Amino acid sequence: MSSALIDLVWQSTLETLYMVAVAGIISALVGVPLGVLLYVTRPRQILAQPVVNGILGIVTNVGRSIPFIILLVAIIPFTRMIVGSSIGTNAAAVPLTIAAIPFVARLVEGALNEVPPGLIEAAQSMGATPMQIIMKVLLPEARGGILNGLTITIVALVSYSAMAGAVGGGGLGDLGIRYGYNRFNPTVMLITVVVLVIMVQLFQSLGDYLVRKSDHK
Amino acid sequence: MISLERVSKTYGTGPRAVQALSDIDLQVPKGTIHGVIGLSGAGKSTLIRCVNLLERPTTGRVIVDGAELTAMSASDLRQARHQCGMIFQHFNLLTNRTVFDNVALPLELMRESRRTIRERVMPLLEMTGLTDKRHQYPAQLSGGQKQRVAIARALASRPKVLLCDEATSALDPQTTTSILALLQEINQQLGLTILLITHEMEVVKSICHRVGLISGGRLVEEADVGDFFTAPGTQLGREFLNDFLKLEAPRELVERLDAESGQNSHPVVRLTFSGDSVSTPLISRLAREHGVDVSILQAKVESIQGRTLGLMIAELIGSETQTRQALATLKSFDLHVEVLGHVQRTD
């Protein structure tokens, strides 16, 4: 393997990690609160707002139903507004983030749904405010489930980031397509796949470790 | 201390509405332990949830410690709930908090300082026997220990009232006994008023002063525990009592029982002794004064809230006149006589 190829793989690995990290962090920061909102505004929940809940639900579903490759190009004007360019790694991170937010939100909502209703009732009987219930009961009790959801999101982002090449975002997937597929170079294809597999394994193991460590169920 | 006035609760509206509680009037005086017993689906859980407004009554007033909860704003209600600790059948502890932090939770919610929290939590752990478990998580505890944590947590805000929602129903009999002893200790030492709901007569018998019987969303009977156990006023009360005492006539005898008396038949009676009648030598007196022989089929003595309760199922053997006089004598004493039926002589 030439040193040029090693450089290329290394460079692409960093690009993938960068896109996944940016999209992962921002989608967690937006998606977790959105997931909480989706849960607590449900009918008969602590901040029941059926109309708000309905609207949020629809928006989230729309976000989740657009195929990523279409989202990638469809929001180019928005991307340009945010990062000042429609091509490059930063430009690819924007649609990745947009796609990941509703994904995170639904996973968080699901994790919160696993918290036994009796715990909310107990907190209410102690005079907890809705905000206290969220911060002291719901989020800590769903911590394992939320971390698990974030792990799934990171792994999905690694896979989605392969499409970033469509807007010149680079990354391992792009490398595999351009060098491995278009230039008929099976070695490059194999290397990118192996690196991706290792990356996913590491993320999954790290996620599982954090879930185990944080949950005392 | 707790007062429910004409409390009703309806779920849903229109033709599918379900009436969970109807016109409940309930007074629990300060410092007493009041039990509400009923079968599942009778409305017990709804009733106790109406006291701290986890369920808001459709109509009626709820007054705790002189303050009408049903008239309060949401934030006043949250304050008032600090006066009202609650424990649950399934404990409802936070799995990701240690024992100490679970007990500290109500104080955190009240924004108490770390120092105050420590000063208040440690004695509670001491009282509930959990001091050495304070760094453990609920998953590492037994059911009885979990309920102790829940009790300590419910007491952390120094409430005046403790609500117990089937608090011992998920526990084995031995653990139940120790939890009930703890509740009694809390009642006596802290003067806490306790309202508990249960389907177990054992719970009522062991610690309650007064008991209410709920059926179909109505309080059908209310009495001092001693009275309830000696002479329940309703059919349902008698069923609960008989089921608890397991004092049924033997099945083969029940099958031979006739409602009507006849030639050569003897009455079978259930006698419930309480108070002075327990120590009266009645059986020998029947034999001596009326020439009636008494064949005891089943008997049991229970001690309930310091009162002794004797139960007996017996066959009175003698001529029709003799047994009639014997029954009259029995009824003249302070005891409850129920003629279960008549049985033909077999000899």
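**Conventions.** I number residues from 1 along each chain as its sequence is written, and chains are lettered from A and ligands numbered from 1 in the order in which they are written. The model is predicted, and local features need pLDDT of at least 70, side-chain atom pairs count only at pLDDT 80 or more, and totals for chains, interfaces and linings use all residues.

**Chain A, annotation.** I looked up the UniProt record, an unreviewed entry, and it places "domain: ABC transmembrane type-1" on residues 13–207 of chain A. Such positions are given in the numbering used here, feature names are shortened, and annotations may be inferred rather than shown by experiment. I find this span to be 80% helix and 0% strand, with its end C-alpha atoms 20 Å apart. Helices (H or I, at least four residues) and strands (E, at least two) are DSSP runs, numbered from the N terminus.

**Chain A against chain B.** I list 19 residues of chain A in contact with 20 residues of chain B; contact means that C-beta atoms, placed from the backbone, lie within 7 Å. On the chain A side, helix 6 (117–125) and helix 7 (130–141) each give two or more residues. Helix 6 of chain A gives the most, with six residues. By class, I get six nonpolar, seven polar and six charged residues on that side. Nonpolar covers Ala, Val, Leu, Ile, Met, Phe, Trp, Tyr, Cys and Pro, charged covers Asp, Glu, Lys and Arg, and polar covers the others, Gly among them.

**Chain B, overall.** I note twelve helices and 14 strands in chain B. Its C-alpha atoms fill a box of roughly 80 × 55 × 30 Å along the principal axes. Of its 347 residues, 41% are buried (20 or more other C-beta atoms within 10 Å of the residue's own, C-beta atoms being placed from the backbone).

**Chain B, domains.** The assignment, which is automatic or from a database, gives domain 1 (2–236) and domain 2 (247–344). I have their centres 40 Å apart, over C-alpha atoms. Six residues from domain 1 and seven residues from domain 2 make the contact. Helix 8 (residues 225–230) gives the most on the domain 1 side, with four residues.

**Chain B, sheet.** I traced an open sheet of four antiparallel strands in the order 12-13-11-14. Two strands pair if DSSP finds at least two bridges between them. Strand 12 (293–304) and strand 14 (335–344) are the edges. Strand 12 and strand 13 (residues 307–317) are joined by eleven bridges, and Ile296(B) has Ala314(B) as its bridge partner in strand 13.

Note on methods
Contact = placed C-beta atoms within 7 Å. Buried ≥ 20, exposed ≤ 12 C-beta atoms within 10 Å, placed from the backbone.
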